[in-house]
Amino acid sequence: MKEPTKILGDERRAYILKRLQESSEPITGGELATITNVSRQVIVGDITLLKAKNEPIIATSQGYLYMNTSRPSVAERIIAVSHGPERTEEELLLLVDHGVTVKDVKIEHPVYGDLTASIMVSNRNEVKQFMEKIRATNAAYLSELTGGIHLHTITAPTEKALDEAEETLRKEKLLIDLE
């Protein structure tokens, strides 16, 4: 049986970029490595080079995602929340159940300043995958560095969906009211 041919350099990066642009779902580095017959580490390098060329690619817990600026406009806002690690899954599920996408988590660290990590969860399955990855790697939540206080950038198709999600978080005593 003939071994698959490696896709080399610029041709591979063009292929990766095209795949990401055409996909509405994240693609893992492992998937891209298998398709192009290179190591996952080579893919990580390719993604870094593409980002250096200002391609809007983000790494999420589910894989790489191309942030297409021509997607339909959505409502977006930043919310402040506070809770311990044991309520993270509950918080994310409450948000996605309102049709909200949680883009990221942000904290203000006393030494490093603002730290932001991509989350990009928009449904229960993605929350489940995110939580499984946290548990499997025994990773700490950024919010543990700030006593539970953190920000999320959230998006939804309408402002009403964001308002309803915020109200639910308020009722569950997770939201910090900034008013």
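**Entry 1: the annotated span**

I looked up residues 12-64 and found their end C-alpha atoms 15 Å apart, with 60% of the span in helix and 11% in strand. Helices (H or I, at least four residues) and strands (E, at least two) are DSSP runs, numbered from the N terminus. The UniProt annotation "domain: Helix-turn-helix type", from an unreviewed entry, covers residues 12-64. I noted that UniProt positions follow the numbering used here, that feature names are shortened, and that annotations may be inferred rather than shown by experiment.

The model is predicted: local features need pLDDT of at least 70, side-chain atom pairs count only at pLDDT 80 or more, and totals for chains, interfaces and linings use all residues. Residues are numbered from 1 along each chain as its sequence is written, and side-chain values use heavy atoms, with hydrogens and water left out.

**Entry 2: helix 1**

I checked helix 1, residues 9-22, next. Its 14 residues reach 20 Å from first C-alpha to last, close to the expected 20 Å (1.5 Å times one less than the number of residues).

Which residues of helix 1 are buried? I found Arg12, Arg13, Ile16, Leu17 and Leu20; buried means under 20% relative accessible area, exposed over 50%, and partly exposed in between (1.4 Å probe, protein chains only). They lie on the same side of helix 1, because they cover an arc of only 135° around the axis (taken from the directions from the helix axis to the C-beta atoms). On the other side of helix 1, Asp10, Glu11 and Glu22 are exposed.

The cover over the buried residues of helix 1 includes helix 2 (29-36), helix 3 (40-52), strand 1 (57-60) and strand 2 (63-66).

I then picked Arg13, which lies in helix 1. Arg13 counts as buried because its relative accessibility is 16%. Leaving out residues up to four places away in sequence, Arg13 touches Asp46, Leu49 and Leu50 (contact means heavy atoms within 4.5 Å).

I traced an open sheet of 4 strands in the order 3-6-4-5, with antiparallel pairing (two strands pair if DSSP finds at least two bridges between them). Strand 3 (75-82) and strand 5 (113-121) stand at the edges with a single partner strand each, so one side of each has no neighbour in the sheet.

Strand 3 pairs with strand 6 (residues 149-156) in the antiparallel sense over 8 bridges. Arg77 has Ile154 in strand 6 as its bridge partner.
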